[in-house]
Amino acid sequence: MSQTAFGVGEMEAEEDRFPRLRQVLLLFVLLAQTRAEQGGYVVAEERERGSFVANLAKDLELRVGELASRRAQVISKDNRKHFQLNIQTGDLQVNEKLDREELCGPIDPCVLQFQMLLEEPLEVHRFKLLVSDINDNSPVFPEGEMILKILENSLPGSVFPLQNAQDLDVGINNIQNYTIYPNSHFHILTRNGGEGRKYPELVLDKALDREEQPELRLTLMAVDGGAPPKTGTALVLIDVLDVNDNAPEFEQPLYHVQVPENSPLRSLIVTVSARDLDTGINGEILYSFFYGDEEITKTFALNELTGEIKIIQTLDFEKIVSYEVDIKASDGAGLSGKCTVIIQVVDINDNIPELTVASLMSPIRENSPETTVALFSIQDRDSGENGRMVCSIQEDVPFTLKPTVENFYRLVTEGALDRESRSEYNITITVTDLGSPRLKTERTITVLVSDVNDNAPTFTESSYTLFIRENNSPALHMGSVSATDRDSGSNSQVTYSLLPPQDPHLPLASLVSINADSGHLFALRSLDYEALRAFEFRVGATDAGSPALSSEALVRVEVVDDNDNSPFVLYPLQNSSAPCTELVPRAAEAGYLVAKVVAVDGDSGQNAWLSYQLLKATEPGLFSVWAHNGEVRTARLLSERDAAKHRLILLVKDNGEPPMSTTVTLHVLLVDGFSQPYLSLPEMAPDKAQTDSLTVYLVIALASVSSLFLFSVLLFVGVRLCRKNRAASVGRCSVPEGHFPGHLVDVSGTGTLSQNYQYEVYLAGSSGTSEFKFQRAMNDVEENFNFENGFGFN
């Protein structure tokens, strides 16, 4: 009856404490919606997806619209999507149910870190979120039944440790105390262990008597601090033993060992040792884990005979830093001792650095100033030097890394890029930790450079020379110009055009056209070498960029002569109504200059090279013509038997291909002296005049000498007047004015007169037409009238 009353009273005392616990828990849950201290927030575990956590826009004093414009995003440290950010409202919401026990296990407080990244401009805010525990787990004993052997001579106040229960909750929701009932001989003392654990110890209040009661069955209950509290129970069987006066004792009550996390399985950690002064069965010691913590029993193995502790599961420093293992040594009589082994896991460099790209901008415009290409963060799950990192890129690229807030880096250009030099970069980012051995992570980012119209078209040549033969057909392709542009796309599309000529008198638009796409040049009309021998113009090349760039080149067109002009005879004129007759004294020696045929050709080069040839003569063999200068000379001495009149037909031919020619008719009159009257060929008497009497011949000769003298005087006066007025020419025959093309002025080529038989050719300046005048030198006239027979004048 007393035992029952004691138990009920103790339970009532426990229930009196529950209202206070409920009040504390209620206050804690209410704080789950408020912002935590030092830039953090609190949220209760097991909240539904979409539950409100906080309004980040309001807390950061940002307008809601700024979140979208600045491309806000929430980044968790472990890259898990625990939360989501509502861009429209700025609310931070739970993205998935949070299980505090899964996230943090026994670690309290359970803090999740996340960052809110604002990209434009770059700004990073770091937050901590405390996941508060709710009482969703009941205490659980590792074994439903515990057997405890107690010597009957145990003194009151003796303490017997019991296996503690486990509660996955933390803080106030974890185990707060233990009770046992019925408890006439014992009461429970709750001890605080490491890491906030509470251990039950059975305290003997009243001496046992094995003969009176060899066995006791008690119920051990563990109570947590939740509201309402949750409990767990286990049965405690107490076997009352006969006296065994020595319990096992460990050599040291506390062992400290350090184990690298990469230790191989089955490797020995430590060996615990205990001794018992008793003998026999009372001195035989067996080792065992004092309580069956699941994490410990699946990680370590204990040899019950030797006390060796070995690893049976791979250690991970990043999950659990240390273990506290309680070892019990029991003798054969049921007495036991206890020691604690603290196993410290030593971190090794077994985690490679992690690189997370937050944003990447590609392509980027060339010629841009310093530009942020990528924004990324790095982290290493190791600790100490193993968790320290350095970040770098290769040296052969015009980029650099700049650290920013927290663990973020910016990849920026060192200056303006040139797409024409290089249009693509493969940048390898290397993150290396400082552990031993060093581990590294490489990430390659491809950056494309977009084109800007910064290159003007460039002609393949600064000037072009094109040749086109005259008399060409219209729309003839003369040649091409070509320009290239180092830019790409529309910035490299070149359009050709003719630029305004520098000579305003050049009708360029009617001469040449250009294909705007290909640069082909075409002659619009037939060209005449004699009218236009060469002309120059400029061609422009413009790209399709914005703004457009252009360049220009000089094009010179050389008109190539074609043999399209026949030789033109200047002397003797062939269109005169009164043909010119050359007088030759019969006393002339062989080689005597009879006349000089003067001809010109409007062509040039070999097309204007003239040659002369005697086609037909009244008396073959009497006269010859020099092929290169057109001089007609006597081939032999003249005799009385030679006819008085002769008609010579000469051929003037150029050297073109095919050659062109002109015939010349020359009249020659043989006279015995210049006293013989001159009769033009159409008025001359027939050949029977040679048979006239000697008297008639003498009269005619006398009249001829007198007439010739008077004619010579008049001729001399006329020559002087012609030189003064440059309007008429005097010779043995008058040369009427004729009309000739202006391009036949040049007679400096073939057909040049000899020194003793020249013509002066000039263009009358006062005439409206291009008329040529010819004047024979006076000294040549005097020389021709000086004969060996004494006729003439001194």
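Reply:

Strand β38 pairs with strand β39, residues 520-523, in the antiparallel sense over three bridges. Strands here are DSSP runs of E at least two residues long, numbered from the N terminus, and two of them pair if DSSP finds at least two bridges between them. The model is a predicted one, in which local features need pLDDT of at least 70 and side-chain atom pairs count only at pLDDT 80 or more, while totals for chains, interfaces and linings use all residues. Residues are numbered from 1 along each chain as its sequence is written, and side-chain values use heavy atoms, with hydrogens and water left out.

Within this pairing, I514 stands opposite L521 of β39. A further strand belongs to the sheet: the order is β35-β39-β38, three strands in an open sheet with antiparallel pairing. At the edges are β35, residues 476-480, and β38, residues 512-514, each of which pairs on one side only. From one strand to the next, the twist averages 30 degrees, an angle between N-to-C directions of lines fitted to C-alpha atoms, on a scale from 0 to 180 degrees.

The cysteines can be described next. One disulfide is counted, taking a pair of cysteine sulfur atoms within 2.5 Å as the rule. The partners are C104 and C110, with sulfur atoms 1.9 Å apart. The torsion about their S-S bond is about 65 degrees, so this disulfide is right-handed. C104 is buried, at 15% relative accessible area, and C110 is buried as well, at 0%. Buried means under 20% relative accessible area with a 1.4 Å probe, protein chains only; exposed is over 50%, and partly exposed lies in between.

Technical notes: Helices (H or I, at least four residues) and strands (E, at least two) are DSSP runs, numbered from the N terminus.
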